[in-house]
Amino acid sequence: MASGQQLSAIKGAKVLMVGAGGIGCELLKTLALSGFHDIHIIDMDTIEVSNLNRQFLFRQSHVGQSKAKVARDAVLRFRPNISITPYHANVKDSSFNVDFFKQFSVVLNGLDNLDARRHVNRLCLAADVPLVESGTTGFLGQVTVHIKGQTECYECQPKPAPKTYPVCTITSTPSKMKGVVKDPDLLSIDHHGTGFVHCIVWAKDLLFAKLFGDKKQDNDLNVRSNDAATSSDHSEDIFEPKKDEDIQQYANRVYDHVFGHNIQTALSNEETWKNRNKPRPIYVKEVLSDEPIQQNGNAEKSLVNDNLSSLSAMTYLGLKNPQDIWSLKENTRVFFAALKLFFSKRQKEIGNLTFDKDDSLAVEFVTAAANIRAASFNIPLHSLFEAKGIAGNIVHAVATTNAIIAGLIVIEAIKSYLDVAMWTCRVTCYNISGMKWTSFSVAGTDGVGMTYCLEHPSRKMLLMPVEPFEPNESCYVCSETPLLLEVNTNRAKLRDLVEKVVTSKLGMSLPLITHGSSLLYEVGDDLEEDEVANYAANLEKVLSELPYAITGGTIITVEDLQQELVCNINIKHREEFDEEKEPDGMVLHGWTPAPATEKNEDATDNNNGASTSSAAKPAADVMEADDELSIIEPGIETISAGGKKRKLSDVPNSEAPLDEKRAKKIPEKPESDGDVIVMLDDGNDDIRDSSTVV
């Protein structure tokens with residue numbers, strides 16, 4: 001039991017939660033019931049219908065409202081005497097600076113994207129505030145603690161880069177994707193192989209972007225022929241509506257081009273189809289036979305509460321179940337209906353749209369287009385529900401996993417804030433068939449630790465403790481190690497450096513670039529007009545032609561004023577780059593995203609999704625709600641980016657004692673103090689009816 005002094009300390013702690021989604025809802029409830037009285041929540045999202053199956057603080061009537069504010073009101077109903085301060089805002093807003101973070105005892109992350117996680121990590125380092133990170137995907141989960149100077153920071157180990165696909169591969173044939181798509185999460189979603197994933201990527205990143213995004217972007221959809229004579233009839237911009245052409249005529253022309261002409265052109269290259277099945281061109285007249293599109297009543301009925309993002313082609317056509325698999329004719333009707341609704345109801349947005357998984361009309365259009373292309377290549381069609389999961393890279397969440405992880409977050413938050421000697425957490429695993437108790441302590445550097453929640457028992461445990469890793473000496477974020485940039489200084493512009501390195505790879509929000517004492521570029525609201533014009537002009541200049549030239553051997557300093565992060569970059573001039581392997585035309589060393597690896601079905605089934613290699617294998621970074629998960633197989637030594645061996649803490653079984661080194665860190669405690677009880681079946685079978693108390 002906690003002493004009065006400990007409970008008083010918990011009551012006096014000031015906690016910042018970032019994210020009020022799947023993990024966040026469980027976490028806020030658990031914090032409130034654990035004695036915390038001063039909680040602040042930041043979340044920029046509003047509640048969607050798809051959130052209601054696991055974010056239990058929200059109800060149907062809350063759809064469209066702020067997650068942070070509704071979560072606060074819900075918890076105050078059963079804990080009215082505590083203080084909860086919500087912020088319906090982006091954590092990257094300038095108001096959430098280092099001084100803001102310094103007021104908190106601990107920061108708890110429940111975010112859903114890499115960029116925001118890196119931003120919070122840097123602010124916590126600058127403010128010297130402990131950060132507890134977390135993530136879940138399906139039945140898997142993890143909690144990690146990051147303390148400046150004691151443990152590695154969130155960025156000490158490489159994270160997966162956003163998944164990209166070569167345009168030449170996307171526009172050719174789905175069968176080629178077998179050697180390209182290596183995202184284990186996409187593979188786990190696409191049960192029919194990578195062919196339909198290819199179709200989704202094609203529909204989302206090429207067709208949707210071309211029709212509704214920036215019309216000027218480079219895109220291979222206009223002409224798919226290498227023969228100038230063949231393509232002469234299609235030399236005009238197919239995606240530009242003609243004068244006096246109605247929406248249906250325009251839609252027919254686009255449909256016949258991308259699903260008919262482009263496929264027909266691809267078939268002309270006989271070498272491509274020697275060892276694979278040929279696709280069939282699909283034209284409107286063959287599918288609809290000049291039938292008019294039958295709509296279900298008025299187009300206005302497809303609009304809910306005047307919310308344009310709720311505009312629905314399914315409602316427009318009278319289709320009801322998103323888990324139904326539409327026929328080719330139905331997909332064609334949805335394609336036309338969605339395109340018609342975009343041009344008639346959302347005309348002002350066209351030219352600036354990007355795909356959003358919460359945009360109903362966008363998801364319907366992408367699903368229909370992907371299915372039509374899949375039909376052409378004889379790939380099984382998918383439902384809207386399945387297609388949305390693939391397009392949004394969604395691994396559907398399990399509420400119980402979120403609850404377990406939320407409990408572990410609170411445990412680590414308490415340990416990182418209070419006297420660790422008083423709060424060494426003990427985990428007890430119960431083996432039902434063997435009737436044996438296995439007890440061990442989750443204690444690492446200064447008592448804090450990392451815990452992995454597994455889908456199947458490993459060493460008869462579902463909760464796997466991992467001793468925290470030391471800071472990586474090669475980390476440019478917490479160890480300030482210089483980076484090396486190979487670039488052609490006579491071709492690359494300052495804009496390329498800013499967009500491809502500073503903001504994209506280094507994740508800086510308000511960058512400032514200097515060469516010696518000379519300022520080359522700065523972003524901020526307090527700049528004078530002449531300064532803004534000067535920096536804008538610098539962006540268009542080649543690096544070697546800047547007022548203070550950047551050439552081989554130059555050292556530039558990049559600083560983010562909001563994150564209080566400073567990074568030195570050594571410049572190395574290089575003439576040529578491989579366009580396929582190095583598409584940016586520059587290579588940054590010292591910042592290396594972990595490559596995605598192909599999923600091993602057997603290894604996943606037997607090892608809780610853990611890596612069977614010698615390195616930790618992070619899951620995909622972009623998932624729907626509760627992502628960013630790195631599952632590591634127990635007992636495997638891993639190699640850090642700095643070249644040092646990283647070993648998971650030894651987890652004792654019922655016969656083996658704790659090793660002496662770790663035992664010295666763990667003070668004697670009564671058996672009931674801070675225990676976590678986990679009931680397990682023997683073996684690796686799924687647990688169908690387990691009781692887990694966290």
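Residues are numbered from 1 along each chain as its sequence is written, and side-chain values use heavy atoms, with hydrogens and water left out. Because the model is predicted, local features need pLDDT of at least 70 and side-chain atom pairs count only at pLDDT 80 or more, while totals for chains, interfaces and linings use all residues.

Aromatic pairs come first. Rings of Phe, Tyr and Trp (its six-membered ring) pair if their centres lie within 6.5 Å; planes under 30 degrees apart count as stacked, over 60 as edge-to-face and the rest as tilted. This rule gives 21 aromatic pairs. One of them joins Tyr87 and Phe100. The pair is edge-to-face, with 5.7 Å from centre to centre and 85° between the planes. Tyr87 belongs to strand β3 (residues 83–87) and Phe100 to helix α4 (residues 98–102), so the pair ties together parts 13 residues apart in sequence. Helices (H or I, at least four residues) and strands (E, at least two) are DSSP runs, numbered from the N terminus. Phe100 counts as buried, at 10% relative accessibility. Here buried means under 20% relative accessible area, exposed over 50% and partly exposed in between (1.4 Å probe, protein chains only).

Phe259 and Phe335 form another pair. Their ring centres are 5.7 Å apart and their planes stand at 75°, so this pair is edge-to-face. It links distant parts of the chain. Phe259 sits in helix α10 (residues 247–267) and Phe335 in helix α13 (residues 328–345), 76 residues apart. Both Phe259 and Phe335 are buried. They also belong to one aromatic cluster, whose members include Trp202, Phe208, Tyr250, Phe342 and Phe365.

The nonpolar cores come next. A nonpolar core is a set of buried Ala, Val, Leu, Ile, Met, Phe, Trp, Tyr and Cys residues joined through side-chain atoms within 4.5 Å. In soluble globular proteins, nonpolar side chains tend to be buried together. The largest core here has 65 residues. Leu207, Phe212, Phe259, Phe335 and Phe365 touch the most other members. Helices α8 (195–212), α10, α11 (284–288), α12 (313–317), α13, α14 (360–376) and α15 (384–391) each supply at least two residues. The largest share, 12 residues, comes from α8. Contact means heavy atoms within 4.5 Å. Neighbours within four places in sequence aside, Phe365 is in contact with Leu207, Phe208, Leu211, Phe212, Phe335, Ala338, Leu339 and Phe342. A second, separate core has 41 residues, among them Ala20, Val70, Ile404 and Leu418.

A cysteine site is annotated in a record. An unreviewed UniProt entry lists Cys153, Cys156, Cys475 and Cys478 under "binding site". UniProt positions are given in the numbering used here, feature names are shortened, and annotations may be inferred rather than shown by experiment. The four residues are spread over 326 residues of sequence. Cys153 lies in the loop between β6 (140–146) and α6 (167–170). Cys475 lies in the loop between β10 (461–466) and β11 (483–487). At 3% relative accessibility, Cys153 is buried. Cys475 is buried too, at 3%. Beyond its neighbours within four places in sequence, Cys153 is in contact with Asn121, Leu125, His146, Cys475, Val477 and Cys478. With the same exclusion, Cys475 is in contact with Cys153, Glu155, Cys156, Glu480 and Thr481.

Glu480 also lies in the loop between β10 and β11. Glu480 is exposed, at 60% relative accessibility. Its phi is near 55°, a positive value in a residue other than glycine. Most residues other than glycine have a negative phi.

Strand β12 (residues 511–515) is mostly covered, with 4 of its 5 residues buried. Two strands pair if DSSP finds at least two bridges between them. β12 pairs with β14 in the antiparallel sense over 5 bridges. Thr514 has Thr557 in β14 as its bridge partner. β12 also pairs with strand β13 (residues 518–522), in the antiparallel sense over 4 bridges. His515 has Ser518 as its bridge partner in β13. β12 and β13 form a hairpin with 2 residues between them. Gly516 in the turn has a positive phi of about 70°.
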